[in-house]
Amino acid sequence: MTKIKSVCIIDDDPITVFGIKKMLSLLDLAEEIKTYVNGKEAIDDISKRVKNQETIPQVIFLDINMPIMDGWQFLEKFLELEVEEKIRINIVTSSIDPYDKQQWERFKEITHHLLEFKNKPIRKNDILEITKAA
Amino acid sequence: MMNNQNTLVGNYNNMLRGTPTVTLNYLVKQLPTATAFINKNYEVVHVSDKWINDFDFDNRDVIGRNLTELFGSVDKDWGKALKDCLKGIASGESVHQHLGADGALQWFEWQNIPWYDEKENIVGVILQAEDVTERINVELQAEKLETLLAAKSEITDVGSWEFDLERNRLQWCEITKKIHEVVPTYEPNIDTAINFYKEGYGRNTIAMAFDNAIQKGEAYEVSCELITAKGNEITVIATGKPIFKKGKLLGLVGTFRDITPKIKSELKSKRQERHFKSIFNSSYQFTGILDTQGTFLEVNETALRFSGLKEEEVVNKKFWDAYWWPTPDYVKDGLKEIIRAASEGEVMRSEIVVLDKDKNPIPVDFSLKPVYDEQGNIFSLLAEGRMIKEMVAARRKLKESEKKFRALYELSPTSYILSDFETGEILDFNSSFEETTGYTREHLGKLKVQDILLTVSKTQLLRIKKEIETTSTFGPEEQEYIKKDGTQFPVLVSGSLVGNKKGRKLLWSTAQDISESKLTEAQLREEKQLLKTLIDNLPLNVFIKDLESRKILVNKAELDYVGLTESDVIGKNDFDFYDKKSAQISRDEDLEVINSRKPMLRKETISVKKDGTSTSFLSSKIPLVGSDDKVKGLIGISLDISDLKRKEDELHDLINVTSIQNKKLVNFAHIVSHNLRSHTANFSMLLDFLVSETDAEEKNRIIKMLMEASDNLLETLENLNEVVAISTNINLDKKPVCLFEKIQNVEKNLTAYLKNHNAVIINDVAEDLEVKAVPAYAESILMNFITNAIKYRNPMRKPVVRVTAESDGDYTVLSIKDNGLGIDLEEHGSKLFGMYKTFHENPDARGIGLYITKNQIEAMNGKVTVDSEVGKGTTFKIYFNDKN
């Protein structure tokens, strides 16, 4: 199994970030793990990378409820970026609001990236499955 | 004279031809007539001595001089006469005045003749003038004398007057004075004399005539109205004639005659004639006047119109030759005979038939009477004819209607009874009477009115008798008759008293069997009662309105609703019960229904009574169409649905509230589940790690995290609890809260905080402004917004929070305005008041404050809005509901 070059986690909950990071390193799936505490930080950094033609994450773990810029707002901006590569975006949330599911369906329709919807908590088995190049 | 002169001129012409000029000159010079020859330039060529003498040209050389020079001017008439002469037209004689060199007025008779040369060419004009001054003066004198003589010879009514111009003296003779009704010593002058004439036409006419006479020497004779000194209005003929002596005007003489009696009598006879003529002509009778031989002398317009003839086609013709008589000869002979008889004094009169212009026979009442003169001799005959077409027709009609009456009498379903008013004896009845009562004509003579009348009491009889005696009629009134077999039946009786020739008082009575209509009436009454009971007991308001929307029938429910008695409602319209707006709406509906003839069905209406109470109705209005297919009004049926409406409204409100609550609940459930799940997920994950972790240090780390997660969960639960407390606290106790004070409190509590951040609160709320709020909430809300305003301050400037309040409809609006960071509403607006939403990278932001604040505001039935611009600041507006 080839290692993923870059994985990023966007979540304001340090425990969740810790958990995902821990699992990724246990399974040794990623060469690089980047973390952001909200959507704004993430999109700012990723935009810069795209502009500078640096490596961008191949797999993104995205939380929805975050301050300043939430998951959906991030997604909106991210899809505006010119990223030809198919990125796997794992939406990881504890929300069971049908609205969020609908948003996911809507975004799936309009993007070439791979969108997954996962409820917390994430288990090791899940991680294995969803940390693959899209 | 004219002929004479023409001959004379002819002679001259002959003499002129072939005669040397010198001779001619000499000849002309000696002519006994004043003669002058002038050329085409009006220059004198030859002239007689007499001409020069007459015109006083003695000392002047006349030959070669122009007429204009000699006479000063040539007036228009003379100029025309001269021009005509040059064209070969001789002028007639005319008399002209000439003022001589000595200033005396002279009169000349002039004649202008064309002057021909040998070749018959006109070379000039021969002027002939004869001095007639003497003659005219003599004539005038004679006339004066004549007038004066005439005045004396007339019996009494012609007076005379004389005016001396030189002395300006007016003299009236006695008769003239008498006519003016002045005293014999009266001395008139021209002004007073003229003022006797009636102002206006009379006075103007006489003044003008008098002036003309003085200025131009013209005589006059005028007829004018004059008012005498005693004020009597009379008509006079006044004449005036200028008197000259040696051509000089000396004055005027004239006559004066009162013609009033003559005019009066003329007027009278004229009027009589006119009256006679108008009567004669406008009479509806044909009238003709014949001489005793039967010849038409006169015929009136009625007769002419009837016959279509002109007067001249009738007058002077024989009476019997007129075309309107029927042709047989004996008619003509008969007419001749009656004319002869009339001319001997007999008066004839009979109904005859004449033919009109279309040969239609016309019945005429004809008469012929002799007319006597004062001596008692018959001098003409008066023939009169009166058309009696209408009379004859009326006679026939009478016969017809009698026949009709007979038939009616016999066939009528009404009984007719003729009885003796005094005794009650029945003298006659018709077949209807026989049928209804069973009596036959055999009973006549034995039967009395009293026999067939049953229940009429004595007093009733007396009353009827009295009624008949005063008005000759009675009834109609209900009575009961008894049939021959003894059964009774109700009748409607009326009667009329007639007198017969012998002075016997007879009574014609009609009796109508009303058994059936009585029955129908009773049925109707019963049906009506049934209907009324039905309508009155309907749980609906029922009413009938006429075309003017006046109520003509209302049921009990409607009366109960308006709270009035029937007599207070009937005839009134909606404007009498409801407020103007409701009444107008109702009237408009009525008109629509009446005009369109289409019913208005089950319409929800609201009626507001004068006292302000409003009732919801489900109303129907149905046009009421009469048997003649015309709309008579409308039937209204209203169901009071106020209770229903109220319940419906309540239900609506309830549904609204429930739906909002439900939405909130679902939302809340999601929040709760999300928040709890995120913590439990963390627990689960961390425990998972802990179980498989071998490294002690890592274990410690995980346990620390578990504790953190536990703290977070607790905090979350506390937050949720707070929210639940607000949302479930339904019976909020709202009290008047003084906002100014509350802001002061917050300011006090935040003193240190404000000082730390160098922040200022400007409290611009009126000190006495109170809102209805839960005091704790109001404080919490203020605290939250104000701390937020400072928390999210702009580091570049000193934070200033300004609080103001204003009224907006049912709300008091509190504005909290800051100069902080501001917020991008486009991006975050939808989540601003959401739970756990933060927008600034501020470690203090928990994302719970605005959520709770909003819940508190909404729990008090208020609302909150936000207006913000990034970099400038934010304004929150809190709406406190003053109503509930």
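## A sheet in chain B

Five strands of chain B form an open sheet in the order β7-β6-β10-β9-β8, with antiparallel pairing. Strands here are DSSP E runs of at least two residues, helices are H or I runs of at least four, and both are numbered from the N terminus. Two strands pair if DSSP finds at least two bridges between them. The edge strands are β7 (169-172) and β8 (220-227) of chain B, and each pairs on one side only. On average, neighbouring strands of this sheet are turned by 25 degrees against each other, direction ignored.

Helix α9 (residues 201-216) of chain B packs on the sheet. The helix touches β8, β9 (233-245) and β10 (248-258) of chain B. Its direction makes about 145 degrees with that of β8(B). Axes are lines fitted to C-alpha atoms, for helices over the stretch in contact; angles run from 0 to 180 degrees between N-to-C directions. Strand β6 (residues 158-164) of chain B pairs with β7(B) in the antiparallel sense over four bridges. B:Phe163 stands opposite B:Leu170 in β7(B).

## About the model

This model is predicted: local features need pLDDT of at least 70, side-chain atom pairs count only at pLDDT 80 or more, and totals for chains, interfaces and linings use all residues. Residues are numbered from 1 along each chain as its sequence is written, while chains are lettered from A and ligands numbered from 1 in the order in which they are written.

## Chain B overall

Chain B has 28 helices and 32 strands. Of its 884 residues, 24% are buried (20 or more other C-beta atoms within 10 Å of the residue's own, C-beta atoms being placed from the backbone; exposed means 12 or fewer, partly exposed in between).

## Nonpolar cores

A nonpolar core is a set of buried Ala, Val, Leu, Ile, Met, Phe, Trp, Tyr and Cys residues joined through C-beta atoms within 7 Å. The largest has 34 residues. A:Ile10, A:Ile60, A:Leu62 and A:Phe74 have the most contacts inside it. Elements of chain A that give two or more residues to this core include β1 (4-10), α1 (14-27) and β4 (88-93).

## Where the chains meet

The contact takes 20 residues from chain B and 15 residues from chain A. Two residues are in contact if their C-beta atoms, placed from the backbone, lie within 7 Å. On the side of chain B that touches chain A, α22(B) gives the most, with eleven residues.
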